[in-house]
Amino acid sequence: SNVNLVEISLSARRSGGGGEVSSSARTSVDVVPSFKVMDMVARANELDEKGESICHLEVGQPVQAAPPQVLEAAKNALVEDRLGYTSALGISELRKFDPSRIVVVTGSSAGFLLVFTAAFDPGDVVAIPTTCYPCYRNILGALGVGTANLPLNEEFKITAKELMEEVERRREEGEERIKGLILSSPGNPTGACLNKEEIYELCEVCEREGIRFISDEIYHGIVYGSLKNNEATALGCESGRRSAIVINSFSKYQCMTGWRLGWCVLPAGDPGLADAINRLAQNVYINAPSLSQRAALALFDDEEVTKELDARVEEYGKSREVVLRTLQELGLDGKGRVAPAEGAFYVYVDLGEDARGDAP
């Protein structure tokens, strides 16, 4: 396994003069779980190369390619641009919203790594939902940061109420206090969405309790029903010195998963965090892919691109209706069995006793 290979290489490097490595010398990275989805992707690709017909349900990515305007911009950049190094923070054209706060990153995954490293120390505790994107826990674990599991409420959400219950429990029992919170809205894999009031209340609690709120908004733009024109984002909650860190990506709504391009919006008035992330980015990956940055510029200030992307979300909505209707016909839509699927492109279902143990 990868873990064994890491342990062998570390042993070879550390033993040097013939001494053995003690178990205490193992690093956090040695025991980081794999991201199971990517294990499945690798296996599916192996079968695909052998001519098997594969229906990919394992990885969260759009079926469609990037919009035609993005592809055209990429072609032009290949011909007209040197595509050399950019600033570690990204090209200025992608950071016009606020150059002091925007960091262009190599996908949201790099954003998590940079933010977690800059914001937390080994031994800190970060709150995460019990049902969430597994890489939160895995990356934090690799950095020696602990996690506090917050159970979802009946609406499949984490709100200020659930956060405060854990804060108070830890305070009463003398446990390490929570230093951070990371949530995704729309949620992965539940599709549950926080409304504006719920996000504002979370920001208030985090400011009062000295908790870094990291808002994963990678599925922003992929919402359904009444939320379509009323989508909430943590950027509107900057009431205090510890406003949220927002992480997003071009992977989902913009259909650019393989282009490895995302961004972070850092809190206003926190130059120390911005400087730390800049220095980390310089050392970890130099800059996000230059070609992807240049191509992504075609997404802005073009109504036709927005219409195209919104039309794709409408298609996801039609698929969503088919799935939800089928679950209802199967009698699997009882209370608490199907997450609301208000956003993203997942339907999270508790099959319970209806699950087939012999299913492939």
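## Cysteines

The sulfur of Cys-132 lies 9.6 Å from the closest cysteine sulfur, that of Cys-135, which is too far for a bond. A disulfide is taken here as a pair of cysteine sulfur atoms within 2.5 Å, and by this rule the count is zero. Cys-132 is buried, with a relative accessible area of 15%, and Cys-255 also counts as buried, at 4% relative accessibility. The term buried stands for under 20% relative accessible area, exposed for over 50%, and partly exposed for values in between, with a 1.4 Å probe and protein chains only.

## Basis of the model

The structure is a predicted model, in which local features need pLDDT of at least 70 and side-chain atom pairs count only at pLDDT 80 or more, while totals for chains, interfaces and linings use all residues. Residues are numbered from 1 along each chain as its sequence is written, and side-chain values use heavy atoms, with hydrogens and water left out.

## Overall architecture

The protein contains 10 helices and seven strands; these are DSSP runs, of H or I over at least four residues for helices and of E over at least two for strands, numbered from the N terminus. Of its 360 residues, 44% are buried. The protein exposes about 18900 Å², of which carbon and sulfur atoms supply 51%, by the Shrake-Rupley method with a 1.4 Å probe.

Among contacts (heavy atoms within 4.5 Å) between residues at least 6 apart in sequence, 69% join residues at least 24 apart.

## The second largest pocket

A pocket is an open set of points on a 1 Å grid over the protein atoms alone, where a 1.4 Å probe fits, with protein on both sides within 12 Å along at least five of seven lines; lining residues have an atom within 4 Å of a point. The second largest pocket has a volume of about 730 Å³, counted as the space filled by probe spheres set on the points.

Its lining has 27 residues, and Leu-94, Phe-250, Gln-254, Trp-263 and Phe-300 lie nearest the centre. Strand S1 (102-105), strand S6 (245-249), strand S7 (262-265) and helix H10 (303-329) each give two or more residues to this lining.

## Arg-320 in helix H10

Helix H10 includes Arg-320, which counts as buried at 18% relative accessibility. Leaving aside residues up to four places away in sequence, Arg-320 touches Tyr-224, Pro-340 and Ala-341. Between Arg-320 and Tyr-346, the separation is 26 residues in sequence and 8.2 Å in space, from C-alpha to C-alpha.
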